[in-house]
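This briefing sets out selected features of one protein chain for computational work. Please consult the sequence and the coordinates alongside the points below.

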Amino acid sequence: MKYLCIIVVLVFTSCKKDVKKENIKVVENSRVDYLPYYNDDSFTPHWLTPNTEEEKAFHKIPDFSLTNQLGEIVTQNTFDNKIYITDFFFTTCPGICPKMTGNMSKIQEEFKNDKDVLLLSHSVMPSTDSVSVLQAYAENNDVIDNKWHLVTGDRQEIYALGRDHYFIESDLGEVKSIDDFLHTENFLLIDKYKHIRGIYNGLNRASIAQLIIDIKALKIEG
């Protein structure tokens, strides 16, 4: 038994000497050459080639006119030649919104010095989320003005954008009317040409990590 212990110690010591520490840098990449495109509430991926006629004719987010936390009008012109991440929230939400806002903050931090990436959060309670309320919310959550737009405006316009164009909550599988409250944890990734390129769970850490990887892939795509 005594000799067995000695042998084990010698083998362990020998193995330890053979192990060399190396500086291995792991670079996370997106899983595909081009991110898919989406054009309806089924979120069936369409594998288009960027800059083709098919891509140019594909579903796009239409123009809109909303007001941000600074009282400035925000339209599609605000996002010209920009990648943006969007969600729908309200400032008094006691449930999922605080965690969604926290994850939006992580994305803001990752891309805070990148002029190509913006964030857009729509209030689903615009009657109470006035400009001053959004401004206070922005200050409490370290929102960077002109990087992350918190917007209010016409309820019907916001709900139509969410349901009919972003398809933001359509994965719930229910038909909704304007009277039904819009509430979802989903984040969407929109490219520079107003196409939907990804849907992510705004409460899930792994999903947010994938979103950040996909934003970087979209930047390479151009």
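In this predicted model, Ile190 stands opposite Ile196 of strand S7. The pairing involved is that of strand S6 (residues 186-190) with strand S7 (residues 196-201), which run antiparallel and are joined by 5 bridges.

**Hairpin of S6 and S7**

- The hairpin has 5 residues between its two strands, and Lys194 in this hairpin adopts a positive phi near 75 degrees.
- Arg197 lies in strand S7 and, at 1% relative accessibility, counts as buried.
- The side chain of Arg197 meets that of Glu221 in a salt bridge, with an N to O distance of 2.9 Å.
- Glu221 belongs to helix H6, whereas Arg197 belongs to S7, so this pair ties together parts of the chain that are 24 residues apart in sequence.

**Overall fold**

- The chain contains 6 helices and 7 strands.
- Their order along the sequence follows the pattern α-α-β-β-β-α-β-α-β-α-β-β-α.
- Of the 222 residues in the chain, 43% count as buried.
- The accessible surface of the chain comes to about 12500 Å², and carbon and sulfur atoms account for 52% of that surface.
- Of the contacts between residues at least 6 apart in sequence, 67% join residues at least 24 apart.

**Helix H4 and its surroundings**

- Helix H4 spans residues 131-140, and its buried residues are Leu134, Tyr137 and Ala138.
- When H4 is viewed down its axis, these buried residues fall within an arc of 100 degrees, so they line one face of the helix.
- An α-helix has 3.6 residues a turn, so residues three or four places apart point the same way.
- The face of H4 turned away from the buried side carries Ser132, Glu139 and Asn140, which are exposed.
- The packing partners of the buried H4 residues are strand S1 (65-67), strand S3 (83-89), helix H3 (97-110) and strand S5 (148-151).
- Just after H4, Asp142 has a positive phi of about 55 degrees.

**Thr92 and the cysteines**

- Thr92 is located in the loop between S3 and H3.
- With a relative accessible area of 56%, Thr92 is exposed, whereas Tyr137 of H4 is buried.
- Thr92 and Tyr137 are 45 residues apart along the chain, and their C-alpha atoms are separated by 9.6 Å.
- Cys93 is buried at a relative accessible area of 7%, and Cys97 is buried at 1%.
- The structure holds 0 disulfides.

**Ser207 in helix H6**

- Ser207 is placed in helix H6, which covers residues 205-221.
- Its relative accessible area is 16%, and Ser207 is therefore buried, the cut-off being under 20%.
- Apart from neighbours within four places in sequence, Ser207 is in contact with Tyr200 and Asn201.

**Salt bridges**

- A search of the whole structure finds 9 salt bridges.
- One of them joins Lys219 to Asp114, with the closest N and O atoms 3.0 Å apart.
- Lys219 lies in helix H6 and Asp114 in the loop between H3 and strand S4 (117-123), so the pair ties together parts that are 105 residues apart in sequence.
- Lys219 counts as partly exposed at 29% relative accessibility, while Asp114 is buried with a relative accessible area of 17%.
- A network of salt bridges links Asp114, Asp116 and Lys219.
- A further salt bridge is formed by Glu169 and Arg163, whose closest N and O atoms are 2.4 Å apart.
- Glu169 and Arg163 are both buried.

Notes:
Residues are numbered from 1 along each chain as its sequence is written. This is a predicted model: local features need pLDDT of at least 70, side-chain atom pairs count only at pLDDT 80 or more; totals for chains, interfaces and linings use all residues. Side-chain values use heavy atoms; hydrogens and water are left out. Buried means under 20% relative accessible area, exposed over 50%, partly exposed in between (1.4 Å probe, protein chains only). Helices (H or I, at least four residues) and strands (E, at least two) are DSSP runs, numbered from the N terminus. The arc is that of the directions from the helix axis to the C-beta atoms. Contact means heavy atoms within 4.5 Å. Accessible areas come from the Shrake-Rupley method with a 1.4 Å probe; for residues, only the protein chains shown count as cover. Two strands pair if DSSP finds at least two bridges between them. A salt bridge is a side-chain nitrogen of Lys or Arg within 4 Å of a carboxyl oxygen of Asp or Glu. A disulfide is a pair of cysteine sulfur atoms within 2.5 Å.
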